[in-house]
Amino acid sequence: MYFRHVFFKKPPELIEHKISGKRHYKTPSGKILPSVTTVLNLMSEAGINAWRKKVGESEADKVMEYATTTGTEMHTIIEEYLDNKLDEVERNPRALKLFHQMEPALKRINNITAQEVPLFSEKLGVAGRVDCIAEFDKVLSVIDFKSSRKKKQKSWIKKYFLQATCYALMFNDLTGKKIDQLVILISADDGTVDVYVEKVSDYVEHLKQVIEDYQLRREFEGRK
């Protein structure tokens, strides 16, 4: 399959900074903004800490490293595939398996506007890098690709929808172009592939509340 790419004036690259181990970006105006994932990670911080305590730090580090390596490689394969440049070089077997499982869903994508593009909004106070902005089933969407060990229920992944919503709002701020649809594609080791299609409007208020909570927490910690 050949994927069509449409013209898009790419925003300027953002300079990455680590503050207290958390990813932040410097905008062209010089403002330092937290990444979308840094803000949203507060939602799962307690659960992650409890899991690490349960399995032990060493085992948790191994699992996280394995997941990160595979997820990064899967994203690379998908990006090359959508860019019509996928070759036959040696790949991480797990990442390749997850990609091939997701391939039928990827074929529903076309008219690709952006891949791995930096986005930011000084109005929202966040920045990040979007996986893909393209048409999915002929509707312009923010599309996010996820890997997993097992099938994920919709109720477990609200953070994914909020992340994609943030990209949609940042894209609108930078280009004036509105995106109404979110698509989360999840390929899992258990052989399942989830395709979640949601409306941006259903998550905007929750996202703004999470960002506000994050900013209030940072202000409180700064006064301590």
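## A tour of the aromatic pairs

Select tyrosine 81 to start: at 9% relative accessibility it counts as buried, where buried means under 20% relative accessible area, exposed over 50% and partly exposed in between (1.4 Å probe, protein chains only). Before moving on, note that this is a predicted model, in which local features need pLDDT of at least 70 and side-chain atom pairs count only at pLDDT 80 or more, while totals for chains, interfaces and linings use all residues. Residues are numbered from 1 along each chain as its sequence is written, and side-chain values use heavy atoms, with hydrogens and water left out.

Tyrosine 81 and phenylalanine 99 make an edge-to-face aromatic pair, 5.1 Å centre to centre with 70° between the planes. The rule: rings of Phe, Tyr and Trp (its six-membered ring) pair if their centres lie within 6.5 Å; planes under 30 degrees apart are stacked, over 60 edge-to-face, and the rest tilted. Tyrosine 81 belongs to helix H3 (residues 57–82) and phenylalanine 99 to helix H4 (residues 93–106), so the pair ties together parts 18 residues apart in sequence. Helices here are DSSP runs (H or I, at least four residues), as are strands (E, at least two), numbered from the N terminus. Bring in Phe3 as well: ring pairs link Phe3, Tyr81 and Phe99 into a cluster.

How many aromatic pairs are there by this rule? The count is five. For another, pick phenylalanine 8 and phenylalanine 171: the ring centres are 5.5 Å apart and the planes sit at 35°, so this pair is tilted. Phenylalanine 8 is in the segment before strand E1 (15–19) and phenylalanine 171 in helix H5 (residues 158–175), 163 residues apart, so the pair links distant parts of the chain. Phenylalanine 8 is buried at 17% relative accessibility, and phenylalanine 171 is buried at 2%.

Next, zoom to tyrosine 160. Lysine 146 lies over the face of that ring, 4.5 Å from its centre (the test is NZ of Lys or CZ of Arg within 6 Å of the ring centre and within 35 degrees of the ring normal).

Then try the cysteines. Cysteine 132 is buried at 0% and cysteine 166 at 1%; the structure holds zero disulfides (cysteine sulfur pairs within 2.5 Å).

Last, colour by pLDDT, the predictor's confidence in each residue from 0 to 100. The protein averages 88, and 86% of the residues score at least 70. Over residues 46–52 pLDDT stays under 50. Where pLDDT is low, the predicted coordinates should not be read in detail.

Methods:
Contact = heavy atoms within 4.5 Å. Disulfide = S-S within 2.5 Å.
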